[in-house]
Amino acid sequence: MALSEEPAAGAREDGAEEGALARGGVLEAFGDGAETRELLGRLRAVLGDRAAREGVLERFRVIMDKYQEQPHLLDPHLEWMMNLLLDIVQDKTSSADLVHLAFKFLYIITKVRGYKTFLRLFPHEVADVQPVLDMFTNQNPRDHETWETRYMLLLWLSVTCLIPFDFSRLDGNLLSQPGQIRMSIMDRILQIAESYLVVSDKARDAAAVLVSKFVTRPDVKQKKMADFLDWSLCTLARSSFQTIEGVITMDGTLQALAQIFKHGKREDCLPYAATVLECLDGCRLPDSNQTLLRKLGVKLVQRLGLTFLKPKLAKWRYQRGCRSLAANLQLCAQGRREPQTHAETPDGDADDDVPEEVERVIEQLLVGLKDKDTVVRWSAAKGIGRMAGRLPKELADDVVGSVLDCFSFQETDNAWHGGCLALAELGRRGLLLPSRLVDVVAVILKALIYEEKRGACSVGANVRDAACYVCWAFARAYEPQELKPFVAEISSALVIAAVFDRSVTCRRAASAAFQENVGRQGTFPHGIDILTAADYFAVGNRSNCFLVIRGLGGELMRQAVCVLIENLSLSKMPFRGDAVIDGWQWLINDTLRNLHLISSHSKQQIKDAAVLALAALCSEYYTKEPGEVDPARQEELITQYLAELRSPEEMTRCGFSLALGALPGFLLRGRLQQVLAGLSAVTHISPEDVSFAESRRDALKAISRVCQTVGVEAGGSPDEVVCEENVAQIFRTLLDCLRDYTTDSRGDVGAWVREAAMTSLMDLTLLLGRDQPELLEAQVCERVMCCLAQQASEKIDRVRAHAARMFMALLHADGPPIPHLPHRGDLQELFPRSDMASVNWNAPSQAFPRITRLLGLPAYRYHVLLGLAVSVGGLTESTVRYSTQSLFEYMKGIQHDPQALEGFGGTLLQVFEDNLLNDRVSVPLLKTLDQMLANGCFDVFTLEENHPFCVKLLALCREEIRKSRDVQKLRSSIGVFCGMVQFPGEVRRKALLQLLLLLCHPFPMIRKTTASQVYEMVLTYGDVVGAGVLDEVMAVLSSTAWDAELPLVRGQRNRLCDLLGVPRPQLVPKVPKLPIPPTSLSLVPLMWASLCPPRSVCVW
């Protein structure tokens, strides 16, 4: 979120970012170069202004964080960013605070891109060594405000250590003065590294990097490696993981040792490896409760083990394919893909001695596989894989056997998880030979269903997830013929896990492993079909797994039979009067009656198939003569279907509503009033069916279809056609449904009803406009268009776009123009026909600038303003942004038109008054008012004391929050009251009174929010508080703990009352609760206060 308005270039980049996010969150390039350069160039200017400095730093952090997932996009720009910052660092005139600020920016870049990439860009000439060392003289390791500086300096120093010159050449004459010997550069670097290895901040990590690059230099290792290792071992020996200081010290030392044995040459490190291992054993790190120390211990142990063994690739390992792409393609062309393994040849290195320390290392790694923390087990598993790759075949096989011992039911879930990770590492490195697959697959199949009860819950999800990882690794490691004997078992186990495992991570892991095997092995039966139904995303939903992927056969059969009935009817098969017709009708009715038993995935298709089958069946078999209905059949069908509309099952109502809508005209003739009344009753909301939004939606669809089926005739019978007698009731039903804003756990389900109502209104209006335009009354047409305009200005993109399309369809009807459209000429000018195809009404940026034009047309202003209030005060960022911009643009245009502004204000107050205590509208309306007041939309009213608009607005706001305990509503009202302080006279006094009351609200959050916003209000409107008491008012507001106990807060509030010239509120005890005699019931309205619990209330 930007801290202030961005320049035009910034706005263009924000738009590009939104476009990138719309394409799935993938950025194509670093699009913030200009702004970044401008921010870095302002560092000197903002140094003295704390707020500006923090703003620049935060904005830079926001820009960099956008590229966390794609840090490589920064690579072309890293050099110039570093140069701008290092110019500040290397400038002798730069203050210490400015240097620290530059290093903060360098650290943010390093955090996003990673120090290994960023490290190479630091200057690392011989001339850079001394200046970097000199910068350390001014550093305080205990200053926690500047740790970024020390972190970056240590990284910079580590890269300067790579210069190819002996450090002794840089020392010159060490005897600077008689009797005084200057410290050599080598000693200074080592001293710095050792001192920062034991600090408590992130500089410790950089010090370990510095040590690994410095101590392994050819000149340093001869003189200092032994001393440093001796210092490290002594430090470890006297440190204890029982204290915080000991943990910090051991962490830095272990990091340094692990880095040295990772980057140092084997021949340099080998003489010290046994001693380090001995010391590490003495530290008893497996007994520590510090996860990081145990992980570093395992990491160091495996590095020591790799030092004991010669760096080589085992000739006996299993290899799939070749490292050469050309060779792989040649093998594919020849149709043979033989694995390369040298198991039949004697091990050429069998004579090499394996040091006895290797056994201790592997033993410790096997212990690490059973550690209680995943990161430690993962590190141990990688160590097992690396070590086995350098061992002779027989010893490596022993290691595999030891790993398989982890899969005993006497072991914990930690051992099973570590064992799976180790097997995956061994497999993907080719160290698990095919001869071992029989044993390995057996334990993996057990791991895929592993679960262990622990009290009221169970553990094992991590084991099943790791077992899926093993299957995934095996798919990449082995040729198909090696895994062919196990395909049936593995594939079945993975499908079961993907569909029925209770953990979503395990289901997705099993699906990913199955997909990998299908793609790389090609031997899994029905692989593509299974993946289509149970892919990675489909298995993420548990109900989808249990009810859809393993769908019931009866659902498929019902749909198939309904399609068969439809096609047989359309084919005019000679079954008229046959008993089979009754069977078909029973099947259709039973399907519609039991839709609630069908899975959600198939429900819509089966419902549609049944309705289409019914329409075809009735049209073909339920007439005596062409166009003549069978009265008995009509009576039975209509009566039964109308009764089903009152079913307690929502889906049953849906099915039979659509069934009535699908009936042919001859079945509706004479019963139209009954059908419309029954469908209209379904659209009404009652307490027991308030959440039946789908049934109301389908009933509206049915009403529209019935009207289209029977047609229109102005003087016709209401039981036969849409006519003058029933058209008003039909419109009333449809328009009433546009007020359906029902919400439940699924969200705004009323939106489904409103969309169906809008579609039905458009269909009915176009039908009447084409056939009987005289039935369209001016009042109805105006209400239809106004309601569509309201929906087109609300916050849900889908609903807004649908409403706009209906609005445009009525405005630009293809047939005769719809009569009585308010402001038709203005509408056609504001919304030309070309907008129907060119405007994306789903996009707030295109919809709101057009919809707000309707505010200038009096007939539409109320409804558009009602919709805009919900959008401007909403939650979706894009909707709020563009609706707010469009509203403010309109307000800016009428600032010099008093009549238009008065009309707008009156409409706004009417919207507020009509929706008082309707939280769906009133809460976002308060937010809208807050923004309008803050942006000066009503500045004209400040010129007149007690303007009627301001007086009524204040009264409505006070009434809205009276006795309210809705935190969101109360917080929204605070901003409105603060904004109303700008209006002089009695309005300002009453607004201040209300704010001071809120300063003692029972909710601490409300008190704190009020104090904060009043503080900002006092700063914004300078004439509210006298200059003599301004400083004291500001001090009270900022220094008081407004979330403290009410008696303490009340005293400070009363002090503010005195300073602002407002009378203090008085505490009046409520009347205690008393029994009400039966003869006094008429007095209850006068005794409402006695019904409240006895406590004190604050009144004026």
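1. Gln604 sits in helix α31; helices here are DSSP runs of H or I with at least four residues, strands are runs of E with at least two, and both are numbered from the N terminus. His820 is 216 residues away from Gln604 in sequence and 39 Å away in space, C-alpha to C-alpha.

2. Some ground rules before going on. This is a predicted model, where local features need pLDDT of at least 70 and side-chain atom pairs count only at pLDDT 80 or more, while totals for chains, interfaces and linings use all residues. Residues are numbered from 1 along each chain as its sequence is written, and side-chain values use heavy atoms, with hydrogens and water left out.

3. The C-alpha atoms fill a box of roughly 115 × 95 × 70 Å along the principal axes. Of the 1100 residues, 51% are buried. Among contacts (heavy atoms within 4.5 Å) with a separation of 6 or more, 71% are between residues 24 or more positions apart.

4. Back to α31 (residues 600-621): its axis comes within 9 Å of that of α33 (residues 650-662), and the two cross at roughly 35°. Axes are lines fitted to C-alpha atoms, for helices over the stretch in contact, with angles from 0 to 180 degrees between N-to-C directions. On the α31 side, Lys603, Lys607, Val611, Leu614 and Ala615 take part, meeting Met651, Cys654, Gly655, Leu658, Ala659 and Ala662 of α33. That contact splits into 8 nonpolar, 1 polar and 2 charged residues (nonpolar is Ala, Val, Leu, Ile, Met, Phe, Trp, Tyr, Cys and Pro; charged is Asp, Glu, Lys and Arg; the others, Gly among them, are polar).

5. Helix α18 (residues 357-368) passes a length check: its 12 residues should span 16 Å at 1.5 Å a residue, and the end C-alpha atoms are 17 Å apart, which agrees. The expected span is 1.5 Å times one less than the number of residues. Its buried residues, including Val358, Val361, Ile362 and Leu365, pack against α15 (266-283), α16 (291-308), α19 (374-388) and α20 (393-404).

6. Lastly, Thr110 in helix α6 (residues 96-113): it counts as buried because its relative accessibility is 4%. Beyond its neighbours within four places in sequence, Thr110 contacts Tyr115, Phe118, Tyr151, Met152 and Leu155.

Note on methods. Buried < 20%, exposed > 50% of the residue type's maximum accessible area, 1.4 Å probe, protein only.
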